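Subject: Structure for your review

Hello,

The structure I promised is below. My notes on it follow.

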Protein chains: 2
Amino acid sequence: MQLLEERILKDGKVYSGNVLKVSGFLNQLIDEELLFEVGKEISVRFCEQEVTKILTVEASGIAIACAAAHYMHVPVLFAKKSKTSNLADDCYTADVVSFTHNNTATIVVEKSFLSSDDKILIVDDFIARGAAIKGLRSIIDQAGATLVGCAIAIEKGFQGGGDALRAEGIKVESLAIVDSMTDDSLTFRH
Amino acid sequence: MQLLEERILKDGKVYSGNVLKVSGFLNQLIDEELLFEVGKEISVRFCEQEVTKILTVEASGIAIACAAAHYMHVPVLFAKKSKTSNLADDCYTADVVSFTHNNTATIVVEKSFLSSDDKILIVDDFIARGAAIKGLRSIIDQAGATLVGCAIAIEKGFQGGGDALRAEGIKVESLAIVDSMTDDSLTFRH
């Protein structure tokens, strides 16, 4: 998506440890116009999948999920992050390892919010190694729901998470795929 | 806002400790149509305030803030919650006491995301005693920005936070004000 790539080149910041910071326009201070263009593009790419629900994880996935939901006319569900895995019986949980933050979080969704009839589109701001999406897939599996695909704003292509999902036959649409990045250059996959 | 009040009566759940749970349609599983009607209503109520930025706090405020931003054509900024108050010099921080969760969180905004020219609308899903808004106001004050008002989906009128802000002359618009609630009845202020 050209608009997003241009904005990453203009305002994205690269830090050591393969960190690409887009918090000035996408995931903390959020440019409303860009956000809803991203949402619209996601809706175009998944218009044939009969999505019944969008699933994301707090916090930075929520904005993009809501923007996509606006054009797809489906509900948004977000998994909460919890410090404890000792939760009530009425919740699905999964562990997510964060390589960026070097910790493990438990993500939680109430069972009543997912049904086996649901066709789920996972939406998130980033995919790197795919740890968050692995956790969300576990929750979808526990509910007996169907994963119809993943829509990601920015994929760090060089970390392999997106391609591993594609190799499994999952439809993964990333609006910008960064194939390499250094302090002074970013290369997108086309 | 009639649509929201009707939905609270239909799907809201009251728990002990003055907890009103709306996570089935507003702040975890989110009804897209309701969300954007709430956003549109907020934009109508603040159309004369020349808002330059919407400020909220993660996670459940983000969806409503984005929906309002969509109709107001302004950026959304959300404060992050942090476990530590030992943060970099380039951040504004404030402590927020949660009576619901019986803890204190530090909320954080990067200084570069706010300017003294900003006219800020605070948006959140709930106001009870107003602790989160107090923290957000502190951050606005630290930045030398101007608070033009607060837009809240649901105000727990009986906990006084909204009325205390109004008594200070702050424009507070809550789309549903619950003046009393018990297990089997909810009364709205009109």
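Is strand 7 (residues 103-110) of chain A largely enclosed by the rest of the structure or open, and why? Strand 7 of chain A is largely enclosed, because six of its eight residues are buried. Please keep in mind that this is a predicted model.

Strand 7 of chain A has two pairing partners in these notes. With strand 6 (residues 91-98) of chain A, the pairing is antiparallel and runs over eight bridges; S98(A) is bridged to N103(A) there. With strand 5 (residues 76-82) of chain A, the pairing is also antiparallel, over three bridges, and T106(A) is the bridge partner of S82(A). Strands 6 and 7 of chain A make a hairpin with four residues between them, and in that turn N102(A) has a positive phi of about 55°.

E155(A) sits in strand 9 (residues 146-156) of chain A. It counts as buried because its relative accessibility is 0%, and the cut-off for buried is under 20%. The side chain of E155(A) makes a polar contact of 2.6 Å with that of R166(A). Leaving aside residues up to four places away in sequence, E155(A) also touches others, including I127(A), D163(A), V178(A) and R189(A).

The same surface serves both copies, as 97% of the contact residues of chain A recur in chain B.

Most residues other than glycine have a negative phi, and most peptide bonds are trans. The bond joining E58(A) and A59(A) is cis, with omega about -5°, and A59(A) lies in the loop between strand 4 (53-57) and helix 3 (61-72) of chain A. In chain B, the peptide bond from E58(B) to A59(B) is cis, with omega near -5°.

Two further residues have a positive phi without being glycine. N18(A) has a value of about 60°; it is in the loop between strand 1 (13-15) and strand 2 (19-21) of chain A and is partly exposed, at 34% relative accessible area. For H73(B), phi is near 60°. H73(B) is in the loop between helix 3 and strand 5 (76-82) of chain B and counts as exposed, at 59% relative accessibility.

Regards

Key: Residues numbered from 1 in each chain as written. Chains lettered and ligands numbered in written order. Predicted model: local features only at pLDDT ≥ 70, side-chain atom pairs only at ≥ 80, totals over all residues. Heavy atoms only, no water. Buried < 20%, exposed > 50% of the residue type's maximum accessible area, 1.4 Å probe, protein only. Pairing = 2+ DSSP bridges. Polar contact = N/O pair within 3.5 Å; in protein donor to acceptor, adjacent residues only side chain to side chain. Contact = heavy atoms within 4.5 Å.
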